[in-house]
Amino acid sequence: MEMNRNIVLVGLMGSGKSTVGQALSAKLGWTYVDTDSEIVRSQGMSISDMFAKLGEEAFRKAESEIIGNVLKRSEQVVSTGGGAVLLELNRLAMKENGFVVALFASVETIIERVKGDQSRPLLQGHLEERVKHIAKSREHAYDFADLKVDTDGLPVDRIVEIICSRIG
Ligand code: S3P
């Protein structure tokens with residue numbers, strides 16, 4: 001039994017967490033929380049600036065704190081950053097306080113969605129190489145999820161339905 005009733009969305013950058021999360025929260029009447037936005041708000045700087053000025057490790061620390069705090073509350077749809085699953089501490093907080101849904105999309109779909117985006121520091125450089133490398137290195141990072149949804153070809157409404165049908 002989870003301590004708090006939340007749905008936590010995990011998945012690679014560009015897998016659709018924000019879009020699905022907002023639609024899902026509207027459908028359930030639950031609060032929508034985007035942990036990246038919460039980090040930006042609490043640190044008072046963009047994610048790119050945080051990576052550049054403080055480094056990835058400081059970002060991960062801030063991310064863990066935000067995840068821990070957000071998950072003290074209930075009835076939220078929480079969209080997390082793609083790398084939030086890398087720390088066991090975060091995975092445990094997610095599992096303990098919510099139903100974890102992993103969204104998957106093909107590398108082609110992800111590239112299409114994130115191209116031209118300057119706000120994601122890990123995608124600067126050769127985009128296709130970066131996405132393929134991150135997808136490979138995180139191949140099993142989302143295995144801990146309670147539900148895995150392959151989103152390619154599915155409209156947002158359908159993805160929301162699939163998730164709703166599983167939360168009872
Ligand atoms: C990251 C994903 C980003 C953001 C940061 C690092 C990652 O979030 O947290 O740029 O390590 O995959 P999105 O998945 O919302 O793009």
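Okay, let's start with Asp36: this residue counts as buried, because 22 C-beta neighbours sit inside 10 Å, and the cut-off for buried is 20 or more. Keep in mind that we're looking at a predicted model. Asp36 belongs to helix α2, residues 35-43. If you skip the neighbours within four places in sequence, Asp36 is in contact with Ile47 and Gly81.

Why pick that one? Well, UniProt, in an unreviewed entry, puts the feature "binding site" at Asp36, Arg60, Gly82 and Arg138. Arg60 is in helix α4, which runs over residues 56-70, and with 17 other C-beta atoms within 10 Å it comes out as partly exposed.

The unreviewed UniProt entry also has "binding site" at Ser18. So is Ser18 buried or exposed, or in between? Partly exposed, because Ser18 has 15 C-beta neighbours inside 10 Å. Ser18 sits in helix α1, and, again leaving out neighbours within four places in sequence, Ser18 is in contact with Asp34 and Ser79.

Now, the core. The largest nonpolar core has 37 residues, and the ones with the most contacts inside it are Val8, Leu9, Val10 and Val101. Elements that each supply at least two residues of this core include strands β1 (6-10), β3 (76-79) and β4 (99-104), along with helices α1 (17-28), α4 and α8 (156-167).

Let's zoom in on Val101.

Note on methods:
Residues numbered from 1 in each chain as written. Predicted model: local features only at pLDDT ≥ 70, side-chain atom pairs only at ≥ 80, totals over all residues. UniProt positions renumbered as here; feature names shortened; annotations may be inferred. Helix = DSSP H or I, 4+ residues; strand = E, 2+ residues; numbered from the N terminus. Buried ≥ 20, exposed ≤ 12 C-beta atoms within 10 Å, placed from the backbone. Contact = placed C-beta atoms within 7 Å. Core = buried A, V, L, I, M, F, W, Y, C linked by C-beta atoms within 7 Å.
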